[in-house]
Amino acid sequence: MMGNVTLLEFLSMGREVANHRPWPRYQLDNKGWRALAEQMSVSNWEILAEWGEPAEVHVLLRGEDSGAIAVASHPCPDGSFYALGQFRPAAIRLERAIRDLWGLVPEGLEDQRPWLDHGHWGVTHPLGRPRQYDGGRHVYKFLKAEGDGLHQIPVGPVHAGVIEPGHFRFHCQGETVVRLEERLGYVHKGIAGLMSGKPILDAARIAARVSGDSTVAYSIAFARAVEAALGLEIPPRAHWLRALLAELERVANHLFDIGAVCNDAAFAIMLAHMGALREKLLDSNARLFGHRLLMDRVIPGGVAVTVDDDAIARLLALVASIRKGFKRGVSLYDQTPSLLDRTTGTGIVHSTLAHRFGASGFVGRASSRAVDARKLPGYPPYDDLDFTIPVLADGDVHARVVIRMEEIRISLNLIEQILTRLPDGAVSAPLPMRAGEGVALVESFRGEVALWVRLSEAGKVVRAHPHDPSWFQWPLLEAAIEGNIVADFPLCNKSFNCSYSGHDL
Amino acid sequence: MIPPIAKMLARHLIKGPHTAKDAVTPSERALRELAESLGITAQVKLGRSLAIREIDAGSCNGCELEIHAVNHPVYDLERFGIKFVASPRHADVLLVTGPVSWNMAEALRRTVEATPEPRWVVAMGDCAIDGGCFKGSYAVAGGAAAIVPVDMTIPGCPPTPVDILSGLLALLEAVEG
């Protein structure tokens, strides 16, 4: 076992791959990869994403204290790799997905069940060496819970509300949940496969639709990865406008989430109030930027929108009006004991788990994990803006609501800073044609979105991999609901609001 | 002290609701589509009410966000007698979003089967119409019509709340006869 080495020191024993920006990529041989896996049990390096290629596996890592980021790659021509999930449970589902999609076997992983492959694609390992599926039903073995009076409640994939599909298997003792097991993958669309071979701008449209609620964040992540690969500097005004759109998206989603959590505690007036506020924002998006959810407004090379003085004045007025209405909503929440009684102490995520799984976003921040890609590694224009990251230690539904409330206040403030200090100039730069690899880490409303891309000289995407923060939040939901009553599940689930589409890809 | 909920209710009593004042008219395009797919004989009286069951068959969740928006006070779908229900067994209309991932195809088929006749299937959003930007993937069937018969479409990526409302109003008009 190695002593205290930093991430970059450790990885430098591998071979550095040329043209990978802005952070380095190292190829590790069998021995190096094994050492990395074992290092996972003693170091506090975080796994930010893990994905495959037909004969190589990649992992995006952050050295927690130093903030250094790097990709470690391991060529595995024999079709298997030593599983990191043995030491980091956060990687288990990622590695099960790697086997489903690329056919690389995670050696040593206890859980070898398929994850995204439900046996309906007609082929196995569609992104590796596809083989016709030989038929037969896939039977998924759920984990067991045994004991007197235990019963199962299967829920989904089609749920009662207007939400995305996924299956939840509850084992209950009376009303109390003994075990929840998630089964996801229902909305797998083969996004990594679709992006391969596409011209950059077509791939950007797909990246914007990985998870519709985080469309701005995904577009920024894709654009930043492409710009890194091309070594392209974009005009400062484009950075600032991207941040403006990203903060508008954050506010819109948090408003809806706060309303929806309260609605799941049967407090519908909050949903109505927050819904009306959110509508003001979306309506303004449509008027000023031409799309309510701001899809395709961020493009590789810059942004496809600009704001004039009139638009700035309208946006400032919008911020003021949302702030006023939001304050009323918060005081309603704070002064309704019957509502607080439902949210406080419900669905607790312990901070050790949040750290262990590397949960980002409000799920992490409500359980004392203060990470935010806008601060670490940071990207423009946030290094020029004044803001803080709220953190709480309680880890319950209430804490996740309060973090969102604080983030709305901070984002409204950020929007004002951006609008008053917006630099002049062009809003986009032309894309040069060159090959390269790039990676980006961007803070969506839900947490850290990672995106890796490899471009060809012809200006096409060779491979791309988007990674949603939900990968590291979904497993915590299973832990949060344990010991709670079934009736509180919607409340816990909504307080997480994980993306199905972003996770299933 | 006056509790905030009382203040909020009082404010709305005085100032009126958030509901958008502009009238929404049934979509002409949707009416033409329905005339073709339903024919005159299929017109059934539903007493100016429609119960909708939404099925996400692989959507990116953008369409869901806009469906939530039509339920919010500003568009207030329920003032037209249209409401979302929890079970396909209570539904007249199945509103399908997403390009239909193969992993959801069986669930979609079964949800349609679980809906009593007469029923109508509406494909909402560009993905549900023909697979949209997810067309051609190994994991995607390519639109709701690839799996179940579709009576009407609402295009858009995602369709705006007004698009959704005017599509659903056209359906209400057509089945009302």
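**Strand pairing and the chain contact**

Modeller: Ile52(B) has Phe84(B) as its bridge partner in β2(B). This is a predicted model: local features need pLDDT of at least 70, side-chain atom pairs need pLDDT 80 or more, and totals for chains, interfaces and linings use all residues. Residues are numbered from 1 along each chain as its sequence is written, chains are lettered from A and ligands numbered from 1 in written order, and side-chain values use heavy atoms, without hydrogens and water.

Colleague: In which sense do β1(B) and β2 pair?

Modeller: Two strands pair if DSSP finds at least two bridges between them. Strands are DSSP runs of E, at least two residues; helices are runs of H or I, at least four. Here β1(B) and β2 (residues 82-84) of chain B run parallel, over three bridges.

Colleague: Why is β1(B) called largely enclosed?

Modeller: Buried means under 20% relative accessible area (1.4 Å probe, protein chains only). Seven of the seven residues of β1(B) are buried, so the rest of the structure largely encloses this strand. Leu50(B), Ile52(B), Glu54(B) and Asp56(B) point one way, and Ala51(B), Arg53(B) and Ile55(B) the other.

Colleague: How many residues does each chain bring to the contact?

Modeller: Contact means heavy atoms within 4.5 Å. Chain B brings 48 residues and chain A 52.

Colleague: Which side chains form the salt bridge?

Modeller: The rule wants a side-chain nitrogen of Lys or Arg within 4 Å of a carboxyl oxygen of Asp or Glu. It finds one across this interface. Arg292(A) meets Glu66(B) at 2.5 Å, N to O. On the side of chain B that touches chain A, α3(B) gives the most, with seven residues.

Terms used:
Buried < 20%, exposed > 50% of the residue type's maximum accessible area, 1.4 Å probe, protein only.
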